[in-house]
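Visitor: I am new to this structure and would like to learn how to read it, one feature at a time. Could you guide me through it?

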2 protein chains.
Amino acid sequence: MTEAGGIEVGDNGSLGPLRRAETLSDRATDLLRERILAGDFGLGERLVEAKIAKRLEISRGPVREALRQLRAEGLVREEPRRGSFVIDLTIEDVREIYDLRAAIEGRAARLIITSKDLAALDELREILHQLERAADEGDRTLFTKLDLAFHERLCLLSGNGRLHRVFVSYAAVLGLIFRLEVDKIYTSRSSLEDLYGDHEKLFRAIESLDARRAEEACDEHLDRAREQLIKVFGGSLAKSERAADARPGA
Amino acid sequence: MTEAGGIEVGDNGSLGPLRRAETLSDRATDLLRERILAGDFGLGERLVEAKIAKRLEISRGPVREALRQLRAEGLVREEPRRGSFVIDLTIEDVREIYDLRAAIEGRAARLIITSKDLAALDELREILHQLERAADEGDRTLFTKLDLAFHERLCLLSGNGRLHRVFVSYAAVLGLIFRLEVDKIYTSRSSLEDLYGDHEKLFRAIESLDARRAEEACDEHLDRAREQLIKVFGGSLAKSERAADARPGA
DNA sequence: TTACTGTAAACTGTCAACAGTTTACTAAAA
DNA sequence: TTTTAGTAAACTGTTGACAGTTTACAGTAA
């Protein structure tokens, strides 16, 4: 599931339709996304098709398609006849994404509640427990991963595939934001316990099966998370990580 | 703005950066989207790269990219090594899209309200007036076009580019749904006046600058619109319009 | 007839090369 | 020195061809 933004969900334990061989485009997409999220490509850095193709030892075609896919995911920006670049993230982008999140995830919570899907609640609870453990152990990288998983699952369990697809479409950028946050967060006062508590509060609201309360909790949760981010980054995300030329490997 | 799903918004009256020459991919994307929306390709119909390329007198590369773009817009479905197909719309899809719309457009309304952007209200009012005129004249095609424009503008005026992009990402499919609706709606009792009244109600709620009321109005508006659609299509959208082979022209 | 098998046609995935544009660089002119 | 013009290099957009997979079909056996 290339489109899933790196979040694998599929199960194929018993006998089902065989997973079709991945195309080079798909693998290139996954690899490039990973590299960008890992920070191997800086914000705003140019992505030159030919250089990437050479590095991956494939032709430009699949690389081109991969870049298109990443553009659709919002991780890459394309300028006609000028090429592709890793996006530049600004505080304004963070604001936009968090408003979008509030819309999507608030609705997802509501849909879960109206469907009265108790198994969904159990799944969320399970992730919540893992989140608690990660907070206890102070594992920030794991925490952000589970944080993302919690919200992803929320959207998936809404039963609305398109809602989930929208989440996935910004999940990659969110992952990038989280990575930048982890790099910086050690210097801030914020604790994982606070962040965990926030998630627990959101879950309790969903668990109460009160749609309005859940939506409000979601709004508040994301408002706090956003303000936290803005505080951490103090106005500028793009820590002049900008680079003019391509540097396609690691 | 190829990504804009056929809804042109850009203004370049005074001196601004010159619009870069469109690529073949972009033109192919626009053309194919238009054709699909016009019904020249049936639901579920296969889109064969080579045939389309031949018909447009270009090579397969740009066609391939166009199909990828349309996939991102949700109008086309791709199966690895099997090809691209126009989507099949079911009632379940309509439900999904309308829940997504409620999330996105409700939030857009809220954002406009919290920003207290009165010029935005004026713009919406203007479209509303045009909508009224179309209803009076009984011009259903124009009405659906303006209906789409009203909601698109709502999202644009939210000031959140990503929110707007999500709207655009389902606008093409919505256009397809509206087209199918126009074909069928003559046999139903629903009147354009009712539909107009519904929009006016939504606008009044936004105009009142009460975010909660506006969100609820949006929910209700879309709930009604959805039920209307389901009533019209009576359970099955895909009126066995399905075709096995490609038929790339008109 | 029905189920199975093998073969040809159709189509997608991938590649390598060319054309035209953009960018970077060098040198001349103010 | 700063600006302008000119030139080479780099890069994207596009093309046509090939390889491997999927699909359709004809033929054979039950």
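This is a predicted model: local features need pLDDT of at least 70, side-chain atom pairs count only at pLDDT 80 or more; totals for chains, interfaces and linings use all residues.

Visitor: In what sense do S2(B) and S3(B) pair, and over how many bridges?

Guide: When reading a pair of strands, one looks at their relative direction and at the bridges that link them. Here S2(B) and strand S3 (residues 83-86) of chain B pair in the antiparallel sense, over four bridges.

Visitor: What is the order of the strands in the open sheet of chain B?

Guide: The three strands follow the order S1-S3-S2, and their pairing is antiparallel. Strand S1 (46-47) and strand S2 (76-79) of chain B each have a single partner strand and stand at the edges, so one side of each is left without a neighbour in the sheet. The helix H3(B) packs on this sheet, where it touches S1, S2 and S3 of chain B, and its direction makes about 115° with that of S2(B).

Visitor: And what is the strand order in chain A?

Guide: In chain A, three strands form an open sheet in the order S1-S3-S2, again with antiparallel pairing. Within that sheet, S2(A) pairs with strand S3 (residues 83-86) of chain A over four bridges, and Glu79(A) stands opposite Gly83(A) in S3(A). The helix H3(A) lies across S1, S2 and S3 of chain A and runs at about 115° to S2(A).

Visitor: What rotation superposes chain A on chain B?

Guide: To relate two copies, one asks which rotation, and which shift along its axis, places one on the other. In this model a rotation of 180° with 0.0 Å of shift along its axis superposes chain A on chain B, with an RMSD of 0.0 Å. The two copies are therefore related as by a two-fold rotation axis. Of the residues of chain A, Ala103(A) comes closest to that axis, its C-alpha lying at 2.6 Å. The same surface serves both copies, since 100% of the contact residues of chain A recur in chain B.

Visitor: How many residues of chain A are in contact with chain B, and which elements give two or more residues to that side of chain A?

Guide: There are 21 residues of chain A in contact with 21 residues of chain B. On the side of chain A that touches chain B, the elements giving two or more residues are helix H3 (60-72), helix H4 (91-115) and helix H7 (161-185) of chain A. The largest share, nine residues, comes from H4(A). By class, this side of chain A has ten nonpolar, three polar and eight charged residues.

Visitor: How many residues surround DNA strand D, and which are the closest?

Guide: For a surface of this kind, one may look at its residues, then at the elements that supply them, and then at their classes. DNA strand D is surrounded by 20 residues, of which the closest are Gly83(A), Thr23(B), Leu24(B), Ser59(B) and Gly61(B). At least two residues each are supplied by helix H2 (49-56) of chain A and by helix H1 (24-38) and helix H3 (60-72) of chain B, and the largest share, three residues, comes from H3(B). By class, the surface near DNA strand D has eight nonpolar, five polar and seven charged residues.

Visitor: Is Cys218(B) buried or exposed?

Guide: One counts the C-beta atoms around a residue, and 20 or more within 10 Å make it buried. Cys218(B) has 25 other C-beta atoms within 10 Å, and is therefore buried. Cys218(B) is found in helix H9 (residues 211-233) of chain B.

Note on methods. Residues are numbered from 1 along each chain as its sequence is written. Chains are lettered from A and ligands numbered from 1 in the order in which they are written. A residue is near a molecule or strand if its C-beta atom, placed from the backbone, lies within 6 Å of it. Ala, Val, Leu, Ile, Met, Phe, Trp, Tyr, Cys and Pro count as nonpolar, Asp, Glu, Lys and Arg as charged, and the others, Gly among them, as polar. A residue is buried if 20 or more other C-beta atoms lie within 10 Å of its own, exposed if 12 or fewer, and partly exposed in between; C-beta atoms are placed from the backbone. Copies are superposed by least squares on the C-alpha atoms of residues with pLDDT of at least 70 in both. Two residues are in contact if their C-beta atoms, placed from the backbone, lie within 7 Å. Two strands pair if DSSP finds at least two bridges between them. Axes are lines fitted to C-alpha atoms, for helices over the stretch in contact, and angles run from 0 to 180 degrees between N-to-C directions.
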